[in-house]
Amino acid sequence: MNSTNIQKVSQGATVFYCIIMGAVLTTAVFGNCLVLLAVKRTRSLRNTAAILVVNLACVDLAVTVCIVPFVIVTASAQQWVLSRELCLATGFMNSFLTAAQIMALLHISLNRFLAVAYPHSYDTKLSKRITLAMVVTGWVYSFFWTHLPFYGWGSLGFIKGTLFCNILWSQQLSFAVTAQALCYFIPCIIAGTLYLVTYINVRKHWKRAKERTQSTMSLGEINIAAAVTQSTEAVTASVTQSAVEVTINQEDAESAKATREAARAARSRRKRRRAMENRVTKTLLGVAIAFAVCWFPRGVANLWALFMGRDKVPIGLEYASTAFVFMNSSVNPAIYGALNQDFYKAFISILSCQKMKRSRSDTEFGSGSISRTGKKI
């Protein structure tokens, strides 16, 4: 695949591309540092779901710092001009952090699936300790499979026609198939399946909630008429009842009212929790969708290279797909700020150099959730 017939890019296009990648580098570092600082400053954000958010922010930050500067250098020279040792190091970091990024998304998909499918046992199934162990396992797993080229199984190097060093997938087919299946394809399939099941469950909940609302509105008119009739009968009966009977009925009514209020409060709490979990799921589904959108052009470029040869991949597709891959690292902070009130307030406080103040919205992450309601789950 390392053909010497490599397409060239004009100087103006190269300068423009380097500016774009510089902007990606700046926004990704700034945004993910902002996420980490927001979690550190906001006590309510330091919970189970926030562990996964911080993990993904760390991966995105590492990808940006360790890979993007070398992409800019390679794009400006249109070839790898640095040392072989640096190529090996960045190639390993590229494959390792990509695998870690996919594992982070897999953890998020599992978290959301359990939160939606098993809301009553979610806190016990995914405690802080279990979540931390899951995150560490993901990093170790990614490192194990991607460092094997240093021991002779697989190779690292610069792939001509691209903008970065990576695993040379065409060198050893056994390693290529094993690593890609275990680090990329299978985790993506599992995460996609979990996200799909989660989305279906959320849609079913929305449908049931809508049906209950319509049913309540229909019964409301009947209940009004029944209440008027019952009130009239109660007034007539009370005239004929003794004072003792009236007292007893009042006590029974108060007891029944207290029971109804307690049941109504419990239903209201369950409803708020369910609605909040659904909003959390929508937020993290947005993260997954952003990942899929940003990586789709790269998948097209890789398939093109697989069937047609790397030198046949249009240079515009190669450059654009690379930019989208690293742009993904700068998108997630924007999603958190746009869809989560706690993160939004924390970002504003940090940017305006204000001291964080504890408010009702600070309880939002109480059970590891992300939403704009500001109520504890």
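A charge is taken to sit over a ring if NZ of Lys or CZ of Arg is within 6 Å of the ring centre and within 35 degrees of the ring normal. One such case is Lys125, whose charged end lies over the ring of Tyr118, 5.1 Å from its centre. The model is a predicted one, in which local features need pLDDT of at least 70 and side-chain atom pairs count only at pLDDT 80 or more, while totals for chains, interfaces and linings use all residues. Residues are numbered from 1 along each chain as its sequence is written, and side-chain values use heavy atoms, with hydrogens and water left out.

Turning to the overall fold, the protein chain has 9 helices and 2 strands, taken as DSSP runs numbered from the N terminus (H or I, at least four residues, for helices; E, at least two, for strands). Along the sequence they follow the pattern α-α-α-α-α-β-β-α-α-α-α. Of the 377 residues, 42% count as buried; buried means under 20% relative accessible area, exposed over 50%, and partly exposed in between, with a 1.4 Å probe and protein chains only. Among contacts (heavy atoms within 4.5 Å) with a separation of 6 or more, 74% join residues 24 or more positions apart.

Next come the aromatic rings. A search of the whole structure gives 16 aromatic pairs, where rings of Phe, Tyr and Trp (its six-membered ring) pair if their centres lie within 6.5 Å, and planes under 30 degrees apart count as stacked, over 60 as edge-to-face and the rest as tilted. Trp169 and Phe175 have ring centres 6.4 Å apart and planes at 10°, so this pair is stacked. Trp169 is partly exposed at 22% relative accessible area, whereas Phe175 is buried at 1%. For Phe343 and Phe347, the centres are 5.7 Å apart and the planes at 45°, so the pair is tilted. Both residues belong to helix α9 (residues 341-351), 4 residues apart, or about one turn of the helix. Phe343 is buried at 0% relative accessibility, and Phe347 is buried at 8%. One aromatic cluster is formed by Phe92, Phe96, Trp139, Phe143 and Phe150.

The largest core holds 67 residues, of which Met21, Phe326 and Phe343 touch the most other members. Elements giving two or more residues to this core include α1 (11-41), α6 (173-240) and α9. Leaving aside residues up to four places away in sequence, Phe326 touches Met21, Val24, Val63, Ile67, Val68 and Val71.

Key: A nonpolar core is a set of buried Ala, Val, Leu, Ile, Met, Phe, Trp, Tyr and Cys residues joined through side-chain atoms within 4.5 Å.
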